[in-house]
Amino acid sequence: MKLNKENFIFTTKIDLPDGGFIVLREPTDGELKGFSGEAREDADKLRKIFPACIIEHNYDDAKTQEVAEALSASGSLFADILTKWMQDIPFQNRIAGKSDK
C-alpha cells in the first residue's frame, strides 16, 4: 500500500446557486497558524487562503483564482460559503483558537 497524503485531507463540496460547485480542502496546519478566534480577523485570514483551498470546481471557462474572485465579490454568498466550509471542517475548534488541551 502506498501512502497518499490526500487520503488524510478533509474536503467539502459546496453547491452554488447557479448550478456550479466548488470543492474546498481543509486548511493546512501552516495556514491555520495565526488564527485568533476573533471572527473578523479570522474571516480576513480565510479570505486570503480561500483561493488556495479550492481544489475543484465545474466552471470550465475559469481558472481557480477567477472562481475565487467571483465568489468573494458577493458579500452574502461568500459569507455563506465561508460559514459552510468552517462548519464542515472537523478542526473547527482549532480554527476558532480553542484547544482540548
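How many bridges link strand β2 and β3, and in which sense do they pair? I found 3 bridges between β2 (residues 21-25) and β3, in the antiparallel sense. Pairing here takes at least two DSSP bridges between two strands.

A note on the ground rules: this is a predicted model, where local features need pLDDT of at least 70 and side-chain atom pairs count only at pLDDT 80 or more, while totals for chains, interfaces and linings use all residues. Residues are numbered from 1 along each chain as its sequence is written, and side-chain values use heavy atoms, with hydrogens and water left out.

Next I looked up the overall plan. I counted 5 helices and 3 strands, in the pattern β-β-α-α-β-α-α-α along the sequence. Helices (H or I, at least four residues) and strands (E, at least two) are DSSP runs, numbered from the N terminus.

Then I went back to the sheet. It is open, with order β1-β2-β3 and antiparallel pairing. β1 (11-15) and β3 (54-57) are at the edges with a single partner strand each, so one side of each has no neighbour in the sheet. I also noted Val23, whose bridge partner in β3 is Glu56.

Which helices lie across the strands? I see α2 (residues 39-53) across β2 and β3, at about 105° to β2. I see α4 (residues 75-88) across β1 and β2, at about 150° to β1. Angles run from 0 to 180 degrees between N-to-C directions of axes fitted to C-alpha atoms, for helices over the stretch in contact (heavy atoms within 4.5 Å).
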